[in-house]
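Here are some friendly notes to read alongside the model. Please keep the viewer open as you go through the points.

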Amino acid sequence: MGDLLSSLNQAQRQAVLHDGGPLLILAGAGSGKTRTLTHRVAYLVGDRNVPAWRILAVTFTNKAAGELKERLQRLLGDGEPPWVSTFHSACVRILRRDIEALGYTRDFVIYDDQDQERLIKDCLRDLDIDEQLLSPRLAAHMIDSAKNRGIFPQHYQRNDVWQERAAEVYAQYQQKMKRANALDFGDLLMLTVHLFEERPDILNRYRDRLWHVLVDEYQDTNRVQYRLTNLLAGEHRNLCVVGDEDQSIYRWRGAEISNILDFERDYPDATVIRLEQNYRSTGTILDAAGAVVAKNTQRKGKTLWTENPRGDKVTVALLDDDLEEARWVAGEMLRLQRQGRALRDCAIFYRANAQSRPFEETLTRNRIPYSLVGGIRFFARAEVKDVLAYLRVVVNPADSVAAKRIVNVPVRGIGSTTVERISALENEAGSFLAACRRALQQNALKSAATEKVGAFVSLIDSFRNMVGTVPFPELTARIVEQTGYGPTLRDDPSEEAQERWQNVEELLKGMEEYVANDQTLNDYLEQVALKSDIDSYEQGADRATLMTMHSAKGLEYPVVFMTAMEEGLFPHSKKVDEDIEEERRLCYVGMTRAREKLYLTHARRRRVFGDFQTNDRSRFVDEVPAELLHEIGYQAQKWEAARQRIEEMQAPPRVPSPREVHVEYEDGLRVGARVRHASFGVGTVQRVEGSGDSQKATVFFNSVGRKKLLLKFAGLEPV
């Protein structure tokens with residue numbers, strides 16, 4: 001026990017040795033919350049003799065769950081591990097066993113955002129609702145918001161025409177989801193809570209098993225996650241929650257800061273422990289960040305301190321415009337590199353993904369390798385989604401979204417008219433694949449279409465017969481070859497086709513790893529569906545990192561550049577009243593990612609949708625005490641900027657190699673992205689302008705040249 005406690009400070013020890021009952025650990029940024037959480041579990045197992053399998057620890061990302069598992073294995077050895085999981089994975093495990101009580105079957109599939117929007121489009125068409133009045137993306141957001149609060153369609157508010165329309169779409173959507181035996185991310189949580197509330201016997205089984213429930217990042221929980229954790233801990237009341245109200249930045253995703261602020265109201269006998277010693281940042285950075293977040297009223301209050309050196313002052317740089325800002329940041333990074341800093345030490349943060357463009361272009365011109373968190377996720381690429389759709393239909397023939405995706409992929413002559421005729425039978429038949437069979441039985445298709453649809457159905461049946469008889473990587477390889485998908489890509493000499501084929505090969509390679517771990521096809525599809533955006537991000541290669549401040553949560557860097565620190569951009573112009581406190585918390589999160597050096601940059605003017613815009617300096621910069629700042633005006637940088645422009649003119653622009661530019665996941669269309677259009681084929685995005693329903697993109701297609709498209713109707717898919 002002494003060894004377990006020797007590396008902990010006094011507050012951490014107090015949390016680890018807590019006797020029992022509700023425990024709230026308020027863990028400031030960089031205060032060692034993961035160490036405290038894992039040592040708490042090790043103490044329960046090693047000193048309190050709690051069987052590891054009676055402990056559940058939940059967090060939000062696969063990456064965080066993986067780190068918890070690794071640390072616990074080091075502390076506990078090779079014995080039976082505790083149940084460590086994300087919220088969604090834990091709910092999947094529960095539902096795989098007991099969802100039949102809700103009228104689903106255990107082999108349900110999980111829909112991602114793209115699947116969800118495809119199905120919503122079908123709902124809008126069935127209900128004769130114009131997508132201009134209610135876009136699929138907005139409808140998806142409204143449905144997600146309802147599920148985050150645990151609201152089923154029958155309880156959805158219908159106070160006006162708008163809500164009435166949304167309620168109809170929600171109800172239709174849920175009917176189609178259940179018919180397809182499919183769940184989206186919101187369902188995983190909401191249906192688990194519903195299961196527990198409808199079937200107390202099932203809830204009691206889990207309560208009897210779980211003596212201790214520990215929740216990480218409690219400030220990010222939504223209403224359904226709050227109900228879930230309280231249900232599970234309702235009998236033993238050994239609920240330990242770890243979080244920081246100052247880092248609650250996901251209100252737009254359903255998180256409710258009141259869950260952590262009101263914990264003592266829910267559990268009057270709770271013990272509250274504050275972890276205030278920071279092990280990450282310099283004293284100056286902590287004081288600066290603390291001064292900003294102290295302006296908020298929705299907080300319990302903490303004062304972070306550190307034994308680290310005071311460090312440099314926070315640099316505030318005022319540049320002439322956004323291009324000069326990007327050049328200055330690039331120049332500063334090169335200066336730090338000459339002083340011995342690695343590029344991987346540096347991160348550039350911005351409020352919105354669209355703000356990355358000038359930095360990407362400038363880093364490219366200056367030959368600075370970078371990793372962009374905000375590109376296209378591997379499992380969101382069209383060819384990967386196509387192959388996975390085949391597997392989903394093989395596992396679950398009721399999956400209509402997947403079946404419609406692949407019915408004519410690769411092209412087999414089944415056009416949109418045929419698909420519409422089949423879809424007309426879908427409600428009667430129960431799924432799109434079943435509707436294909438019914439259309440064949442009723443001779444509802446023309447002779448040519450009958451032959452092609454019959455061949456498609458036979459192909460799927462042949463693959464279904466292989467399930468369980470061959471390893472699923474081999475099954476996937478057969479699908480790729482026998483459908484003609486692989487040969488089509490290999491026979492196309494274009495660079496784009498070869499890149500797509502490499503992605504398919506990479507998919508097959510990855511499957512072998514799952515088989516080596518004795519995982520089934522269902523296990524594989526489940527884990528792929530639950531991968532989050534940040535899971536694949538690694539900080540190993542020597543590249544600078546570009547990402548939004550939301551994506552930066554949970555990460556840390558020696559050097560951080562927080563850019564576009566201007567009113568209207570950060571805080572965002574749409575964030576007012578209570579939202580301004582969340583924006584301030586987001587600023588605090590960004591600042592506390594920095595270990596040694598922190599830069600805050602802003603510009604006198606900035607190009608926004610083709611026009612110059614002038615904004616005041618962000619109030620968050622002004623909230624930092626002046627004695628903590630080292631301010632640089634843009635006039636002092638004119639000579640350096642001119643020198644850089646001369647160097648750029650002398651050195652021809654060069655596109656970095658794949659080793660220099662690394663893209664991790666998608667959160668919007670960006671310049672340089674490769675996209676596919678139904679009529680024009682594959683092209684490269686050259687310009688993005690506007691926002692919302694009026695957003696447009698200029699795309700260069702090899703087949704027809706440059707086209708300016710309204711994104712709302714273009715139907716572009718990432719390549």
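1. How many residues in the lining of the second largest pocket are nonpolar, polar and charged? The lining has three nonpolar, seven polar and seven charged residues. Here Ala, Val, Leu, Ile, Met, Phe, Trp, Tyr, Cys and Pro count as nonpolar, Asp, Glu, Lys and Arg as charged, and the others, Gly among them, as polar.

2. A word on the basis of these notes. This is a predicted model, in which local features need pLDDT of at least 70 and side-chain atom pairs count only at pLDDT 80 or more, while totals for chains, interfaces and linings use all residues. Residues are numbered from 1 along each chain as its sequence is written, and side-chain values use heavy atoms, with hydrogens and water left out.

3. Back to the second largest pocket: 17 residues line it, and R251, W252, G254, A255 and E256 are the ones nearest its centre. Helices α7 (136–148) and α27 (578–591) each contribute at least two residues to this lining. The space in the pocket comes to about 400 Å³. A pocket is an open set of points on a 1 Å grid over the protein atoms alone, where a 1.4 Å probe fits, with protein on both sides within 12 Å along at least five of seven lines; lining residues have an atom within 4 Å of a point. Grid points are joined across faces, edges and corners, and the volume is the space filled by probe spheres set on the points.

4. Next, helix α3 (residues 33–46). The expected span is 1.5 Å times one less than the number of residues; helices (H or I, at least four residues) and strands (E, at least two) are DSSP runs numbered from the N terminus. Because ten of the 14 residues are buried, α3 is largely enclosed by the rest of the structure. Among the buried residues are T34, H39, R40 and Y43. Buried means under 20% relative accessible area, exposed over 50%, and partly exposed in between (1.4 Å probe, protein chains only).

5. Strand β2 (residues 55–59) and β3 run parallel and are joined by four bridges; two strands pair if DSSP finds at least two bridges between them. T59 stands opposite T86 in β3. With helix α4 (residues 62–76) included, β2 and β3 make a right-handed β-α-β unit, meaning that, with the strands pointing away from the viewer, the path from the first strand over the helix to the second runs clockwise. Strand β3 (residues 83–86) is covered on both faces, with W83 and S85 buried on one side and V84 and T86 buried on the other.

6. Helix α5 (residues 87–98) has twelve residues and reaches 17 Å from first to last C-alpha, close to the 16 Å expected. Its buried residues include F87, C91, R96 and D98.

7. Further along, five strands form an open antiparallel sheet in the order β22-β21-β20-β19-β23. β22 (705–710) and β23 (717–718) stand at the edges with a single partner strand each, so one side of each is left without a neighbour in the sheet. Within the sheet, six bridges join β20 (residues 681–689) to β21 (residues 696–701), and T684 stands opposite F700 in β21.

8. Some backbone details to check. A cis peptide bond joins V409 and P410, with omega about -5°; P410 is in the loop between α18 (400–406) and α19 (416–423). Another cis peptide bond joins F570 and P571, with omega about 10°, and P571 is in the loop between β13 (557–562) and α27.

9. Which residues have a positive phi without being glycine? R237 has a phi of about 60° and lies in the loop between α11 (223–232) and β7 (239–243). R367 has a phi near 55° and lies in the loop between α16 and β11 (370–372). R237 counts as partly exposed at 30% relative accessibility, and R367 counts as partly exposed at 39%.

10. Finally, two contacts across the sequence. F432, in helix α21 (residues 432–441), is buried with a relative accessible area of 0%. T364 is in helix α16 (residues 357–365) and counts as buried at 16% relative accessibility. T364 and A330, 34 residues apart in sequence, are 9.9 Å apart in space, C-alpha to C-alpha.
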